[in-house]
Amino acid sequence: MTEQQPEGVDVNAAAAIEDEAKKRERDGWSDLLATLAESRSKSDFALLYKHFAPRVKAYIIRFGMPPAAAEELTQESMLAVWRKAHMYTRGKASASTWIFTLARNLCIDRLRREKAVEYELPEEEVDPDQRHYGEQAILEDRMSKAFSQLPEAQAQVLYLSYYEGKSHSEISEQLGIPLGSVKSRMRLAFAKLKSYWGEQDQ
Amino acid sequence: MISHHFDDATLVARAAGAMSEGMSLLIDSHLHWCKECQERAWQAEQIGGQLLDQLTPAELLEDSLSSVLALLDEDAPVATFKPRVSGSDEVPEPLAQLIGGDLDALPWRGMGIGLQQYDLNLGGAGACRLLRIKPGVSVPHHTHKGNELTMILRGSYSDDIGRFCKGDVADLDDQVKHQPIVDTEHECICLIATDAPLQFTGIMGRLAQPFIGL
Ligand SMILES: [Zn+2]
């Protein structure tokens, strides 16, 4: 069965991740974020802002936030980056993983808060475990190789999910395949990526 | 001892932020108690970091950076003033933020037939409720159009898949038809989040559906 490519998704984007220059750039952002807690440098923060804020905003828009709210949450997320910089550990997550996780938690937090008591996700959400310290660089390197080797059908469900925030059922509808197939592709993709993560794989 | 965990596909969707509010609440609640799922959730987040690097940037407001820079020096950010509600032995912290730490203190609504419910009234597709089920009582036989996540907070139940005790999650999709039954003389309280309406099968189920409204 041939499947339609979803619009606006470049399935070959994974190949670009391999690009050595990109990797160096990513490392550069992580280094900058890692020193922010010490330096409290506003010009460093401004650099991080110019790079990440537009991406964070693009990410937040996918949650269905109206533009004004997306801008506000983006600013809030970046402010949280400044405030929580001391919680960032260079060896554990790349700057982008850390910042996107912060932004995602803020979005979910916001959606819930509209209904409930004031609420802040536990700090552990951002930093749940110490066992990965130091592994992140190796992992990132292996993962970019793994991405480029995923079968297209598996890469596709990952992209629809992470890029477009589509739920399992929405992906199933869009691709015209059963819910179960969406989930098994996701499982396979995840298992394949994990198999590059050495002993953490089970 | 937790013995039933989330499907990888579920943790990927959570990391991608592609979950209904109720489902992400339920997932965070289980993660709060479960190291094993925390590990996999972390892995799923690493994938997200790599992929989201590739997003096409959105345009910011013109004064975006300057208005944030102006806030950097302000002390005591509002966000840290939020009162924290602690969890309890039965209510993991993310859930406690919404309902408090005491299950018995909730305004449960009876639904007859040994069932009570408390609706968390979260937004989005599907529903998120607490169900309180008397010993020996079973939830009507049903299938799902989408996904259904259940987390046990008190007691236990058994169904076609296995036995579920405190902390366990059942992660089901539209392929599963089941009929959970409380299997000890203690009541069972569980959190249930769906992303599409349940479909009850059998005469009892069809009678109960409009009433339960799950
Ligand atoms: Zn688990």
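Reply: The donor residues of the zinc ion follow the spacing H-x24-H-x3-C-x2-C in sequence. B:His5 lies in the segment before α1 (8-15) of chain B, whereas B:Cys37 belongs to helix α3 (residues 35-52) of chain B, so this pair ties together parts that are 32 residues apart in sequence. The model is a predicted one.

Four residues coordinate the zinc ion: B:His5 through ND1, B:His30 through NE2, and B:Cys34 and B:Cys37 each through SG. Their distances to the metal run from 2.1 to 2.3 Å. The 4 donor atoms subtend angles of 95 to 126 degrees around the zinc ion, which makes the arrangement tetrahedral. For such a count, all angles have to lie between 85 and 135 degrees. The ideal angle for four tetrahedral donors is 109.5 degrees.

B:Cys37 has a relative accessible area of 0% and is buried. B:His30 also counts as buried, at 0% relative accessibility; the cut-off for buried is under 20%. B:His30 is part of helix α2 (residues 21-33) of chain B. Leaving aside residues up to four places away in sequence, B:His30 touches B:Ile2, B:His4, B:His5, B:Phe6, B:Cys37, B:Met151, B:Gly167 and B:Val169. B:Asp168 is 138 residues from B:His30 along the chain, yet their C-alpha atoms are separated by 7.9 Å.

The rest of chain B gives the setting of the site. Chain B contains 6 helices and 12 strands. Of its 214 residues, 58% count as buried. Among contacts in chain B between residues at least 6 apart in sequence, 66% join residues at least 24 apart. The chain exposes about 8600 Å², and carbon and sulfur atoms supply 54% of that area.

Another cysteine of chain B, B:Cys188, sits in strand β11 (residues 188-194). B:Cys188 counts as buried, with 0% relative accessibility. Not counting residues up to four places away in sequence, B:Cys188 touches B:Leu131, B:Arg132, B:Ile133, B:Ile152, B:Arg154, B:Gly155, B:Ser156, B:Tyr157 and B:Val182. B:Cys188 and B:Ala18 are 170 residues apart in sequence, and 29 Å separates their C-alpha atoms.

B:Asn121 is an exposed residue of chain B, at 52% relative accessibility. B:Asn121 lies in the loop between β2 (115-119) and β3 (128-133). Its phi is near 55 degrees, a positive value in a residue other than glycine.

Buried residues make up 55% of the 202 residues in chain A. Of the contacts in chain A with a separation of 6 or more, 66% are between residues 24 or more positions apart. Chain A exposes about 8600 Å², of which carbon and sulfur atoms supply 51%.

Helix α2 (residues 20-39) has 20 residues and should span 28 Å at 1.5 Å a residue; its end C-alpha atoms are 28 Å apart, which agrees. The buried residues in α2(A) include A:Trp29, A:Leu32, A:Leu33 and A:Leu36. An α-helix has 3.6 residues a turn, so residues three or four places apart point the same way.

A:Arg40 follows α2(A) and is found in the loop between α2 and α3 of chain A. Phi of A:Arg40 is near 50 degrees, a positive value in a residue other than glycine. With a relative accessible area of 35%, A:Arg40 is partly exposed.

α3(A) bends by about 35 degrees at A:Phe52, and the proline A:Pro54 follows within four residues. Of the 20 residues of α3(A), 15 are buried, so this helix is largely enclosed by the rest of the structure.

Methods. Residues are numbered from 1 along each chain as its sequence is written. Chains are lettered from A and ligands numbered from 1 in the order in which they are written. This is a predicted model: local features need pLDDT of at least 70, side-chain atom pairs count only at pLDDT 80 or more; totals for chains, interfaces and linings use all residues. Side-chain values use heavy atoms; hydrogens and water are left out. Donors are N, O and S atoms within 2.8 Å of the metal (3.2 Å for Na, K and Ca); water is not among the atoms, so sites may look incomplete. Four donors count as tetrahedral if all angles lie between 85 and 135 degrees; four count as square planar and six as octahedral if opposite donors are over 155 degrees apart and all others between 65 and 115; anything else is irregular. Helices (H or I, at least four residues) and strands (E, at least two) are DSSP runs, numbered from the N terminus. Buried means under 20% relative accessible area, exposed over 50%, partly exposed in between (1.4 Å probe, protein chains only). Contact means heavy atoms within 4.5 Å. Accessible areas come from the Shrake-Rupley method with a 1.4 Å probe; for residues, only the protein chains shown count as cover. The bend at a residue is the angle between axes fitted to the seven residues ending there and the seven starting there. The expected span of a helix is 1.5 Å times one less than its number of residues.
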